[in-house]
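Colleague: I would like to go through the terms used for this model. Please set each value against its definition.

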Amino acid sequence: MDEYKIKQIEEGLTKIEFPEFDKVSSDAPVFYNPHMELNRDLSILAIQVFQKQEEREIDICDLFGGSGIRGIRYKNEIEGVGNVCINDISELANEYEQHNIDLNNLEDIEVYQHDASMFLRMKRGEFDVIDIDPFGTPSPFLDSAGYCARRNSLLCVTATDTSALCGTYKEPCIRKYNAKPYKSEYCHENGIRILAGFLALTLAKYGKYIEVKMSHSTEHYMRLYINVKKGPKKTDECLKNIGYISHCKNCLHRQTTKGLASAIEEKCPICGEKLIHAGPLWLGPIQNKEFIEQMINEIDYKKINTEKQALKLLNSCLIESEAPATFFDVHNICKTLRISAPKLDLIFDKIKDEGYSAVKTHYNPLGIKTNANITEIKNILLEFNNE
């Protein structure tokens with residue numbers, strides 16, 4: 001430890017030290033990503049809400065410890081936490097994890113040096129919360145997480161391979177998530193749905209099913225908070241939420257088809273062009289209104305450095321919680337119609353006046369989540385143009 005220049009930072013109520021590095025990458029001596037502070041802040045809120053719902057002491061696994069910031073904050077800043085296990089395959093990371101535990105005068109935190117998947121299999125059924133925040137894809141670790149997860153546990157998963165999940169690189173997504181992506185204006189939502197669908201199918205092998213409590217796509221990563229439950233009948237029912245999103249490049253129509261092996265329309269019902277399909281993916285809810293409301297309430301009781309950003313994101317996810325899958329990019333539609341875009345608020349009001357729902361989305365500041373179809377939206381936009 002003495003050979004490195006040491007940096008100290010403070011997040012929430014926790015301070016940690018780690019070797020300074022020039023660039024956030026897997027080559028850093030001990031991994032710490034300052035850009036993930038919002039991720040960690042939201043995780044503290046989500047896990048606290050989960051703990052209060054369970055009304056019991058919870059044990060937590062931080063699978064990729066790095067500097068130890070995540071696991072240490074969980075123990076230090078969440079009420080009702082029992083044992084926390086921090087794992088990292090790096091011996092140097094283990095040294096800093098232990099150093100930072102001592103720095104915060106904490107007990108009941110154990111440090112381990114194991115391969116991530118092997119560690120989960122060794123610790124089957126021991127954790128109420130498993131946090132998987134790898135550098136890159138979480139895919140290789142999700143089978144072991146499904147095997148390890150307790151009944152009524154919380155699985156927190158980060159994916160930073162957004163280029164694969166969003167469809168920039170199709171083959172890696174097929175290889176890692178067994179799903180075909182599509183690079184549309186709503187590709188980040190598609191990515192979250194692909195990840196959730198892969199999780200549902202992976203956990204189903206163990207007679208476990210998922211309830212997505214909260215999800216978001218922020219900057220370079222996607223994050224899911226999933227309640228893991230158990231039972232073969234409900235698992236079968238859960239898998240009925242797996243399906244496909246079909247998109248028409250010509251008129252921008254999109255539609256969903258539930259069922260892993262269901263017949264999917266090949267031609268657009270509006271313009272007759274060939275549809276492009278993404279999936280299999282999760283077509284069930286990806287936001288839970290009650291859970292997010294409780295996360296927002298929890299902010300009053302926590303020291304959150306990113307409070308303003310966290311509140312903005314949570315309120316946006318709350319608004320989206322009852323909206324349908326996918327959204328429309330107004331400027332994209334106006335471009336195809338060759339008209340200038342009206343003010344966004346006026347479009348929202350007009351869609352609602354026509355009897356449809358319309359809400360904003362955190363994925364895109366120009367996005368509208370609505371149950372109106374593309375023809376109805378185009379007609380509304382053309383009305384503005386003719387006024």
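Colleague: How do the residues lining the second largest pocket divide into nonpolar, polar and charged?

Modeller: The lining of the second largest pocket has 4 nonpolar, 8 polar and 2 charged residues. Ala, Val, Leu, Ile, Met, Phe, Trp, Tyr, Cys and Pro count as nonpolar, Asp, Glu, Lys and Arg as charged, and the others, Gly among them, as polar. This is a predicted model, in which local features need pLDDT of at least 70, side-chain atom pairs count only at pLDDT 80 or more, and totals for chains, interfaces and linings use all residues. Residues are numbered from 1 along each chain as its sequence is written, and side-chain values use heavy atoms, with hydrogens and water left out.

Colleague: What is the volume of the second largest pocket, and which residues are closest to its centre?

Modeller: The second largest pocket has a volume of about 310 Å³. Of its 14 lining residues, Gln309, Lys312, Leu313, Ser316 and His362 are the closest to the centre. Helix 11 gives the largest share of this lining, 6 residues. Helices (H or I, at least four residues) and strands (E, at least two) are DSSP runs, numbered from the N terminus.

Colleague: What makes a space a cavity rather than a pocket?

Modeller: On a 1 Å grid over the protein atoms alone, a cavity is a set of points where a 1.4 Å probe fits but cannot get out, while a pocket is an open set with protein on both sides within 12 Å along at least five of seven lines; lining residues have an atom within 4 Å of a point. The structure holds 1 cavity of 30 Å³ or more. Phe328, Val330, Ile333, Ile347, Ile351, Ile368, Ile377 and Leu381 line the largest cavity, and by class that lining has 8 nonpolar, no polar and no charged residues.

Colleague: Why are helix 5 and helix 8 called oblique to each other?

Modeller: The axes of helix 5 (residues 139-148) and helix 8 (residues 187-204) cross at roughly 40° and come within 9 Å. Angles under 35 degrees count as roughly parallel, over 145 as roughly antiparallel, 65 to 115 as roughly perpendicular and the rest as oblique. Helix 5 and helix 8 are therefore oblique to each other. Axes here are lines fitted to C-alpha atoms, for helices over the stretch in contact, with angles from 0 to 180 degrees between N-to-C directions.

Colleague: Which residues of helix 5 and helix 8 make the contact?

Modeller: Ser139, Leu142, Asp143 and Gly146 of helix 5 meet Leu195, Phe198, Leu199, Thr202 and Leu203 of helix 8, where contact means heavy atoms within 4.5 Å. These contact residues divide into 5 nonpolar, 3 polar and 1 charged.

Definitions and conventions
Points joined across faces, edges and corners; volume = space filled by probe spheres on them.
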